[in-house]
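Hello,

I am passing a structure on to you, with some notes on what turned up in it. Please have a look at it first and then read on.

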Amino acid sequence: MKEVDVSEQRNGGLPGLAGVEHIGFTVPDLQEATEFFVNVIGCEFVYSLGPFESADNWMRDHLNVHPHAVMRELRFFRCANGPNFEIFAWDAPSQTAMPPHNSDVGGHHLAFYVTDLDRAVAYLRRCGVRVLGEPTESSGPSAGQRWVYFLTPWGMQLELVSYPRGKAYEQNSLVKLWQPKNISEVGRDEGTNACTGKE
């Protein structure tokens with residue numbers, strides 16, 4: 001494993017950096033995305049804003065989008081612990097309608113930590129969510145983690161991860177990756193299954 005000089009990582013950086021506050025992404029259908037993140041994933045809707053548009057170059061200068069793009073609405077969600085989600089609905093000239101693959105520049109995915117990966121995968125399948133393959137055991141520095149990818153109804157890639165006994169790298173690393181506090185205690189019993197109406 002390549003060693004990184006941690007002292008070099010700590011030189012400079014943003015003054016007052018406290019962490020990641022939110023992650024934003026654009027979806028093709030705001031209501032479909034809201035129903036998926038609330039009813040299937042278990043996020044909580046907090047508030048919405050919009051629409052926003054401008055007759056001059058404000059949109060390009062401030063948001064790096066086409067000057068005539070219209071941000072129809074944005075919605076904020078809290079998903080247990082970690083960064084908040086900000087999802088957008090846009091109308092814009094020459095808009096790309098398909099989500100990028102992980103291999104594309106700008107490709108991305110969101111990963112959710114779960115305390116019981118097999119139970120969470122079974123739940124997703126009961127909900128009709130497309131799970132990509134079977135859970136995989138990580139190796140090397142990530143040994144101790146299991147993961148699996150799945151897709152939203154509009155094709156955005158998400159992931160489940162679980163490492164209840166930690167990851168191998170933690171034994172020798174001076175810096176630990178962020179994770180939900182008290183991982184063994186996080187999570188909740190979902191009670192009634194939003195997809196089937198059963199326990």
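In what order do the strands of the open sheet of 4 strands come? The order is S5-S8-S7-S6, and the pairing is mixed. Strands here are DSSP runs of E with at least two residues, helices are runs of H or I with at least four, and both are numbered from the N terminus; two strands pair if DSSP finds at least two bridges between them.

Before going further, please note that this is a predicted model, where local features need pLDDT of at least 70, side-chain atom pairs count only at pLDDT 80 or more, and totals for chains, interfaces and linings use all residues. Residues are numbered from 1 along each chain as its sequence is written, and side-chain values use heavy atoms, with hydrogens and water left out.

**The sheet**

S8 pairs with S7 in the antiparallel sense over 6 bridges, while 4 bridges join S8 to S5 in parallel. In the hairpin of S7 and S8, 5 residues lie between the strands, and Gly155 has a positive phi near 95°.

In a regular strand, side chains alternate between the two faces of the sheet. From S8, Gln157, Glu159 and Val161 point one way and Leu158, Leu160 and Ser162 the other, and all are buried (under 20% relative accessible area; exposed is over 50%, partly exposed in between, with a 1.4 Å probe and protein chains only).

**The disulfide**

The whole structure holds 1 disulfide (cysteine sulfur atoms within 2.5 Å). Cys43 and Cys79 form this bond, with their sulfur atoms 2.1 Å apart. These cysteines sit 36 residues apart, Cys43 in the loop between H2 and S2 and Cys79 in the loop between S3 and S4. The torsion about their S-S bond is about 105°, so the disulfide is right-handed. Both Cys43 and Cys79 are buried, and Phe85 touches both of them (heavy atoms within 4.5 Å), with Phe37 and Phe112 also among its contacts.

Best wishes

Terms used
Lists of a residue's contacts leave out its neighbours within four places in sequence.
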